[in-house]
Structures are given as structure tokens and as C-alpha cells.
Amino acid sequence: MTDILSSSANVNQQGRLYVVATPIGNLGDLSHRVIQTLSTVDLIACEDTRHTKKLCRHLNISTPLVSYFREREQEKAETLLEMLRAGKHIALVSDAGTPAICDPGAVLVKKARAAGIDIEAISGPSALATALSIAGLTQSKFFFGGFLPANSTERKRFLKEVSALPFTLIFYESPHRVRATLVDMEVILGNRQAQLFRELTKIYEECLEGPLAALQERVKNGVKGELVLIVQGAKPQSKEKPDNLEDLLLWYRDELHSSLKQAVSSIASDLELPRSQVYKKALSVWQKIL
Ligand code: SAM
């Protein structure tokens with residue numbers, strides 16, 4: 001086996017930073033390179049030492065561990081940077097998946113890059129890529145929003161910002177918040193098609209698929225495990241968005257195929273008008289097609 005460290009020897013005697021992806025559930029996804037790197041570096045910087053200790057025990061690896069977590073990322077990154085400068089080779093891992101994707105890591109990588117430290121990705125699983133790879137999306141453009149805000153008002157505000165993007169929307173979500181998120185999504189985005197991937201690469205992996213309203217029903221009694229939510233992007237709009245109430249209602253009805261409820265909610269907030277006023281007008285607009 002080639003020694004991964006001697007093959008990448010650094011001429012200026014600085015250490016090398018390895019950014020190592022670990023499995024998102026299935027230990028069978030551990031690659032040869034991951035094992036080789038974790039066994040040969042001087043130190044493993046990890047999100048939670050208890051978690052990574054279990055992984056190392058499973059792999060029979062005794063490399064020392066040091067914690068590197070979000071709350072003290074700046075300070076920990078400085079300490080690790082000093083070690084890298086002093087010639088130590090360090091592997092950075094998170095609890096699961098790829099570091100720096102909704103996980104700590106970016107601060108250290110940025111500092112190491114600025115300091116001219118060699119950085120190498122030991123690529124592997126990420127829940128984002130895993131879900132995308134089995135979603136069956138034929139359009140390749142997507143927007144990854146990480147975790148949406150926990151607060152509903154902020155979540156809706158964010159969703160409004162991305163609502164017109166003609167790209168697939170992808171989010172990480174927690175099981176206790178997913179229903180509220182699906183409800184907010186329906187209000188802001190309309191009843192778009194969506195996929196909810198649960199427990200990817202694990203025994204109870206599944207994909208729930210359907211319009212947002214139907215997914216709300218599917219999770220109404222609670223859902224367990226880790227989740228990735230994929231939502232259809234906005235349909236390309238044929239006409240320019242109008243700015244007066246009546247035309248805007250017609251635009252929501254005919255161009256976006258929104259329900260009366262969705263249109264009222266979005267327009268009341270867009271135009272900062274009382275919902276009752278928008279609702280009254282919406283009733284007359286919707287009645288024209290009944
Ligand atoms: N860095 C990780 C990555 O590369 O995917 C993500 C870390 S983020 C803190 C954890 C979130 O990723 C979970 O809350 C969930 O939304 C998603 N996730 C992680 N593992 C998953 C899995 N096996 N199935 C579905 N979603 C998963």
C-alpha cells in the first residue's frame with residue numbers, strides 16, 4: 001500500500017489538511033482512501049470525538065482525536081492551523097457525510113487555504129448528492145438551501161426569495177419540523193411536486209413522493225430519521241409579473257395555477273395589503289372561472 005503521506009510530501013515541511021467524507025449511515029460506504037488517510041495522519045479533527053471514536057474503533061484505528069465543532073470553530077481552526085504549520089498532517093471529519101456541507105469545516109479550510117497549506121479532499125458520501133443521484137431529475141440545475149430557518153416567518157421569507165427560481169430546490173430538514181415546512185412551502189411555492197428522502201443508505205431508507213399537500217398528509221403522524229427534501233422549481237413564467245391587485249390575482253390563477261388560498265397569502269404579503277381585502281377581490285376573480 002502506498003503511504004498516502006509520503007506520496008504527498010510537502011516541500012516546505014508544512015502538514016497537509018485532508019477533508020474526509022464519512023458514511024451518512026452505511027459503514028459499507030467507507031472507502032479505502034478514507035481508511036488509509038485516517039490511519040496515517042497525525043491527528044483527526046472531528047465534530048464529536050465520541051462519534052468518531054466509534055468509527056475509529058470499528059476500523060481499528062488509533063489516531064489521536066481532537067474536537068472541532070461549530071460553536072468554537074474560529075478558535076479551534078487557529079489551533080489546528082498552528083499544528084499544520086508545524087508539520088502535522090490532519091484529517092478533518094464531521095459526524096456524517098462531507099465536512100463543510102451544513103457541517104463545521106469551512107472556517108479551517110479557508111484559513112488553511114489562505115496560509116498556503118496543502119488541502120486534499122478525500123471525497124465520499126453527502127446526503128445532498130445521494131438524494132440527487134436517485135431523484136430522477138432530468139434538469140441538472142438545482143439550488144441547495146441547506147437547513148431552512150426554524151422560525152416559520154423567517155422560513156416563509158426565505159422561501160419567497162427562492163420561489164421564482166426555475167431550478168429544483170433541495171433542503172435538509174429535521175423530522176420534527178418537516179410538516180410545518182411542507183405547509184409553509186405549499187403556501188409560498190404552491191402545491192409543487194416534491195420528494196422526501198428518509199434514512200438514505202440505511203435499512204429503513206425510503207422516498208415519499210407527491211405534491212406538497214399530499215406529503216403533509218403522509219407525515220402528519222410524525223416521521224423519524226434523517227431527511228432530504230427536494231421540491232420542483234418554478235415553471236418558467238410566460239408573462240411579466242403584474243403589480244396591481246386584479247392583474248396579480250389573474251397572474252397567480254392563470255400563470256402559476258395557484259389556489260385561491262395560496263394567491264391571497266402571497267399577494268397580501270407581497271403588496272402589504274390586508275388579507276381580507278385581497279380575499280374579497282380574489283373571490284370575484286376566481287368566480288369568473290367557476
Ligand atoms: N455534511 C453532511 C452531508 O454531507 O450530507 C450533512 C450534515 S447535516 C448536519 C445533517 C443533515 O443531512 C440531516 O439533518 C439530514 O437532513 C441530512 N442527512 C444526513 N444523513 C442523511 C441520511 N442518511 N438520509 C437523509 N438525510 C440525511
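Q: What makes strand 2 and strand 4 a pair, and in which sense do they pair?
A: In this predicted model, strand 2 (residues 43-46) and strand 4 are joined over four bridges in the parallel sense. Two strands count as paired if there are at least two bridges between them, so the four bridges of strand 2 and strand 4 meet that requirement. Within this pairing, C46 stands opposite V93 in strand 4.

Q: How do you know that strand 1 pairs with strand 4?
A: Strand 1 (residues 16-20) and strand 4 run parallel and are joined by three bridges, and because at least two are required, the two strands count as a pair. Here L17 stands opposite I90 in strand 4.

Q: What joins strand 2 to strand 3, and which residue stands opposite L65?
A: Strand 2 and strand 3 run parallel, with three bridges between them, and since at least two bridges make a pair, these strands are paired. The residue opposite L65 in strand 3 is I44.

Q: Why are strand 3 and strand 5 called edge strands?
A: The five strands form an open sheet in the order 3-2-4-1-5, with parallel pairing. Strand 3 (65-67) and strand 5 (118-122) are its edge strands, as each pairs on one side only. From one strand to the next, the twist averages 25 degrees.

Q: Which way do the residues of strand 4 point, and are they buried or exposed?
A: In strand 4 (residues 90-93), I90 and L92 point one way, whereas A91 and V93 point the other way. In a regular strand, side chains alternate between the two faces of the sheet.

Q: What lies across strand 1, strand 4 and strand 5, and at about what angle to strand 1 does it run?
A: Helix 4 (residues 106-114) lies across these strands, running at about 150 degrees to strand 1.

Q: Why is helix 9 called oblique to helix 11?
A: Helix 9 (residues 245-254) and helix 11 (residues 275-287) pack at an angle of about 60 degrees, with their axes 10 Å apart. That angle makes helix 9 oblique to helix 11, because roughly parallel requires an angle under 35 degrees and roughly perpendicular begins at 65. The crossing of helix 9 past helix 11 is right-handed.

Terms used. Residues numbered from 1 in each chain as written. Predicted model: local features only at pLDDT ≥ 70, side-chain atom pairs only at ≥ 80, totals over all residues. Heavy atoms only, no water. Axes fitted to C-alpha atoms, helices over the stretch in contact; angles between N-to-C directions. Parallel < 35°, antiparallel > 145°, perpendicular 65-115°, else oblique. Left-handed = near helix turned anticlockwise from the far one by under 90°. Buried < 20%, exposed > 50% of the residue type's maximum accessible area, 1.4 Å probe, protein only. Contact = heavy atoms within 4.5 Å.
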